[in-house]
Amino acid sequence: MIKTLSLAICLVLHPVHVTMTSIDYVNGTDSLKVFVRMYYDDFLLDYQLFDSNNDTVMKYSPDRLLPGDMLNNYINRKVTIIVNNNELEGELLKSKLTDNELSLNFLYRTRKRPEIIKVRNLIMTGLYNDQSNMLIVRSGDFEEGVKLTTGVTEQTFIISSKQ
């Protein structure tokens with residue numbers, strides 16, 4: 001009962017349903033650094049939909065972070081990054097939970113410098129009709145930001161070859 005009440009209070013305190021994702025190509029390497037930030041209570045609700053065999057919501061605690069393998073699996077299924085027509089898998093490097101905000105750092109390996117990056121973000125799109133997933137992609141001098149929603153879940157970025 002107390003956990004349910006705590007979860008309801010958290011939902012009332014942040015009525016905005018938004019996530020932030022940034023994708024940064026590290027020049028001269030085969031790496032993309034990816035950062036994801038979202039509200040942890042929303043994440044737990046979405047995780048429950050993602051993995052209905054896991055009673056995550058009942059284990060909710062504002063200071064108890066899910067194990068890294070569960071976080072990694074969730075992001076790799078909810079955020080698809082395709083570079084030059086090759087779908088990439090991310091590796092969770094760091095996770096942090098502070099004041100109901102979950103911050104995740106990932107490393108994605110690509111075969112060569114990105115020319116085309118396609119991103120599909122399905123985080124919480126099955127949970128909230130007003131979900132906004134903000135996305136920023138950077139590579140050299142290229143920088144572009146977009147807002148993805150439940151109606152528009154993916155964006156393709158054409159990176160200038162003059163970097």
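Me: Is valine 146 buried or exposed, and what is its relative accessible area?

Reply: Good place to start, bearing in mind that this is a predicted model. Buried means under 20% relative accessible area. Valine 146 has a relative accessible area of 15%, so valine 146 is buried. This valine is found in strand 9, residues 142-149.

Me: Which residues is valine 146 in contact with, leaving aside its neighbours within four places in sequence?

Reply: Valine 146 is in contact with Asn133, Met134, Leu135, Gln155 and Phe157. For a sense of the spacing, take serine 132: serine 132 and valine 146 are 14 residues apart in sequence, and their C-alpha atoms are 9.9 Å apart in space.

Me: Let me step back to the whole chain. How many helices and strands does the protein chain have, and in what order do the elements run?

Reply: The protein chain has 3 helices and 10 strands. From the N terminus on, the order is α-β-β-α-α-β-β-β-β-β-β-β-β. Of the 163 residues, 45% count as buried. The accessible surface comes to about 8,800 Å², and carbon and sulfur atoms account for 52% of that surface.

Me: How should I read the nonpolar core, and which residues have the most contacts inside it?

Reply: The general idea is that in soluble globular proteins, nonpolar side chains tend to be buried together. Here the largest nonpolar core has 38 residues, and those with the most contacts inside it are Leu32, Met38, Phe43, Ile75, Ile81 and Leu104. Helix 2 gives the largest share of this core, 5 residues.

Me: Which residues does isoleucine 75 touch, not counting residues up to four places away in sequence?

Reply: Isoleucine 75 touches Val36, Met38, Leu104, Phe106, Tyr108 and Ile123.

Me: Now to charges. How many salt bridges does the structure hold?

Reply: Side chains of opposite charge can pair when their charged atoms come close. This structure holds 9 salt bridges. In one of them, glutamate 89 pairs with arginine 77, with the closest N and O atoms 3.3 Å apart. Glutamate 89 lies in the loop between strand 4 (86-88) and strand 5, and arginine 77 in helix 3, so the pair ties together parts 12 residues apart in sequence. Glutamate 89 counts as partly exposed at 48% relative accessibility, and arginine 77 is partly exposed at 44%.

Me: Which parts does the salt bridge between glutamate 154 and lysine 118 tie together?

Reply: The closest N and O atoms of glutamate 154 and lysine 118 are 3.2 Å apart. Glutamate 154 lies in strand 10 (residues 154-158) and lysine 118 in strand 7, so this bridge ties together parts that are 36 residues apart in sequence. Glutamate 154 is partly exposed, at 31%, and lysine 118 is partly exposed too, at 27%.

Me: Which residues do salt bridges that share partners join into one network?

Reply: Arginine 138 forms a salt bridge with glutamate 143, the closest N and O atoms being 3.7 Å apart. Arginine 138 is partly exposed, with a relative accessible area of 27%, whereas glutamate 143 is exposed at 55%. Shared partners join Asp24, Arg138 and Glu143 into one network.

Terms used
Residues are numbered from 1 along each chain as its sequence is written. This is a predicted model: local features need pLDDT of at least 70, side-chain atom pairs count only at pLDDT 80 or more; totals for chains, interfaces and linings use all residues. Side-chain values use heavy atoms; hydrogens and water are left out. Helices (H or I, at least four residues) and strands (E, at least two) are DSSP runs, numbered from the N terminus. Buried means under 20% relative accessible area, exposed over 50%, partly exposed in between (1.4 Å probe, protein chains only). Accessible areas come from the Shrake-Rupley method with a 1.4 Å probe; for residues, only the protein chains shown count as cover. Contact means heavy atoms within 4.5 Å. A nonpolar core is a set of buried Ala, Val, Leu, Ile, Met, Phe, Trp, Tyr and Cys residues joined through side-chain atoms within 4.5 Å. A salt bridge is a side-chain nitrogen of Lys or Arg within 4 Å of a carboxyl oxygen of Asp or Glu.
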